[in-house]
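Hello,

Here is the structure for your files, with my notes below it. Please look it over when you have time.

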Amino acid sequence: MSFSISQRVHQAFIALGSNLDDPASHVRQAFDELARLPSCRLLTYSTLYRTAPVGRLDQPDFINAVAKIETALTPHSLLKALLEVEYSHGRVREYPNAPRTLDLDMLMYDDLQCDERGLILPHPRMHQRAFVLQPLLEVAPDCRIPGRGAVTELLAACTGQRVEREQNK
């Protein structure tokens, strides 16, 4: 994807997760779909991580990852595109923390901090979740979460959360 000189390019981080119907396959396919989003370019993505569920514990383990993209989309347009990718994977929102075929969360969009209906940036719980921080650290080792601090320090505070690196990227 190329950008015109008149387009302002933004950097965004996207968390990917799945725990239904061959989760690793859903996450890998989502990397390809992120690369094909209009006005977006996939810069890099993390290894896949197997993680224990959070919140509702009576469900299968998750496969999680983080992608770093450049985009000329607005935050709301990017969120809409991410929701469309989730829907194409059969995502159903039955109840909070339910099992899912694909979950795409916008973690950060530049250093934007906003709290609007349907869009909170940075993601409000990312600083407490090793399954987000570990892959984020992999793709952006010097990353700082606006209003929270360095990812390395935040990850060190996430004790007792199982995050296992998968063998294949």
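Which residues of H1 are buried? Before the answer, please note that this is a predicted model. In H1, the buried residues are Pro23, Ala24, His26, Val27, Ala30, Phe31, Glu33 and Leu34. An α-helix has 3.6 residues a turn, so residues three or four places apart point the same way. The cover over the buried residues of H1 includes strands S1, S2 (40–45), S4 (62–71) and S5 (103–109), together with helix H2 (75–88). H1 itself has 13 residues and reaches 19 Å from its first C-alpha to its last, close to the 18 Å expected at 1.5 Å a residue.

Leaving aside residues up to four places away in sequence, Leu20 touches His26, Pro99, Arg100 and Thr101. Between Leu20 and Pro99 there are 6.6 Å in space, C-alpha to C-alpha, although the two are 79 residues apart in sequence.

The largest pocket has a volume of about 800 Å³. Its lining has 39 residues, of which Asp103, Asp105, His123, Arg125 and Arg129 are the closest to the centre. Two or more lining residues come from each of S1, S4, H2, S5, strand S7 (119–121) and helix H3 (130–139). S5 gives the most, with five residues. By type, the lining divides into 23 nonpolar, six polar and 10 charged residues.

Regards

How values were computed:
Residues are numbered from 1 along each chain as its sequence is written. This is a predicted model: local features need pLDDT of at least 70, side-chain atom pairs count only at pLDDT 80 or more; totals for chains, interfaces and linings use all residues. Side-chain values use heavy atoms; hydrogens and water are left out. Contact means heavy atoms within 4.5 Å. Helices (H or I, at least four residues) and strands (E, at least two) are DSSP runs, numbered from the N terminus. The expected span of a helix is 1.5 Å times one less than its number of residues. Buried means under 20% relative accessible area, exposed over 50%, partly exposed in between (1.4 Å probe, protein chains only). On a 1 Å grid over the protein atoms alone, a cavity is a set of points where a 1.4 Å probe fits but cannot get out, and a pocket is an open set with protein on both sides within 12 Å along at least five of seven lines; lining residues have an atom within 4 Å of a point. Grid points are joined across faces, edges and corners, and a volume is the space filled by probe spheres set on the points. Ala, Val, Leu, Ile, Met, Phe, Trp, Tyr, Cys and Pro count as nonpolar, Asp, Glu, Lys and Arg as charged, and the others, Gly among them, as polar.
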